Amino acid sequence: MTRSPDLCGRYADLPQLDDAWARLAHTYGGREITIGTSANGRPLRRYDFGNPLGPTFLLTSLMHGVEVIGGLALLDAVRSILASGRVGAAARARLVVVPVVNPDAFADNLERLRGERRASQRCNARGVDLNRNFAPLSSSRPLHPFAGSRLRWSPHYTGPHAFSEPESRALRDVALETRPALAIGFHSCGNFLLYPWAHTDVPNPREPLYRALGDAFCQALPRERYEVRQAAHWYPTVGDMDDWLDANLGTLAFTVEVSRPARSFRDIRRLLNPFWWLNPREADEAIANVVPGVGALLCDALDRGVGGAPSRAAPPIDASPVELFADAAE
């Protein structure tokens with residue numbers, strides 16, 4: 001697949017990313033399911049891979065339409081896990097993947113980027129921050145500007161009520177159906193691995209397990225280090241998915257903030273475009289750094305018995321990997 005010549009790095013558009021996931025499912029016997037439609041009517045797709053008898057691991061990305069590096073990291077992480085065959089997590093777990101939670105904002109941002117316009121749409125097409133639209137665990141709202149706002153013009157608008165948006169309802173329904181033992185949401189940026197709680201500074205009762213899994217993630221990183229911390233210690237939020245998953249389903253729920261903010265802007269046009277504040281110009285290095293950590297975290301969770309061991313091994317995964325996104329990296 002050849003990327004559009006006017007896009008930089010690996011920042012392909014929605015049809016290209018959809019095609020990459022469809023081909024990955026075809027290669028490794030994955031199942032594609034439409035779980036709903038976005039506010040603007042685009043399909044919301046889910047892919048199931050791996051061992052259906054194992055615990056469920058829920059992997060999501062592009063909940064915020066401008067955090068594209070997270071979506072590309074998820075693609076490479078799942079591809080790497082599947083290519084690992086019997087030594088990878090997919091041999092022992094079912095991977096349930098929702099790779100584009102917010103397709104409307106993602107499509108709009110890439111179209112604007114192609115036209116060299118500012119690309120910064122975080123919320124869905126109705127202006128709601130989907131990661132503030134889950135049922136909150138607290139009635140109080142922190143004063144932090146990123147915590148969640150009732151103001152419609154805010155980029156962190158919580159929506160009129162919990163699960164008011166079709167995208168958050170679709171994710172809720174997938175979680176209620178599959179009961180994931182563990183979840184990872186791919187976002188950007190900051191080089192953090194975050195865990196609940198986000199709504200309070202009170203330590204999570206499973207903090208030692210969260211920390212141990214975070215250590216497995218960090219030890220596998222080949223280059224830049226990540227910091228493991230409780231989400232509220234970065235900044236507090238209300239109505240986020242991780243807190244909801246942990247409190248309501250007992251899911252060990254992580255957010256990985258992929259890559260660091262850009263450290264230099266030699267091109268003034270990039271300095272003025274918020275897209276490049278959250279996404280590195282060349283994505284390959286950031287993605288290659290985080291992918292081993294994701295695989296290590298999932299395998300460590302399985303070794304620790306998270307979700308229970310599968311009753312029998314999956315059929316062998318012997319399909320050879322294909323170059324789904326290689327051209328877009330050149």
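Strand E3 (residues 56–61) and strand E5 pair in the parallel sense over five bridges. Strands here are DSSP runs of at least two residues, helices are H or I runs of at least four, and both are numbered from the N terminus. Two strands pair if DSSP finds at least two bridges between them. This is a predicted model: local features need pLDDT of at least 70, side-chain atom pairs count only at pLDDT 80 or more, and totals for chains, interfaces and linings use all residues. Residues are numbered from 1 along each chain as its sequence is written, and side-chain values use heavy atoms, without hydrogens or water.

**Strand E5 and its partners**
- Phe57 stands opposite Leu182 of E5.
- E5 also pairs with strand E8 (residues 252–257), in the parallel sense over six bridges.
- There, Leu252 is the bridge partner of Leu182.

**Burial of E5**
- Six of the six residues of E5 (residues 182–187) are buried, so the strand is largely enclosed by the rest of the structure.
- Buried means under 20% relative accessible area, exposed over 50%, and partly exposed in between (1.4 Å probe, protein chains only).
- Leu182, Ile184 and Phe186 point one way, while Ala183, Gly185 and His187 point the other way.
- In a regular strand the side chains alternate between the two faces of the sheet.

**Helix H5**
- Helix H5 (residues 207–219) has 13 residues.
- Its buried residues include Tyr210, Leu213 and Phe217.
- The buried residues of H5 pack against E5 and E8, among others; contact means heavy atoms within 4.5 Å.

Conventions: The expected span of a helix is 1.5 Å times one less than its number of residues.
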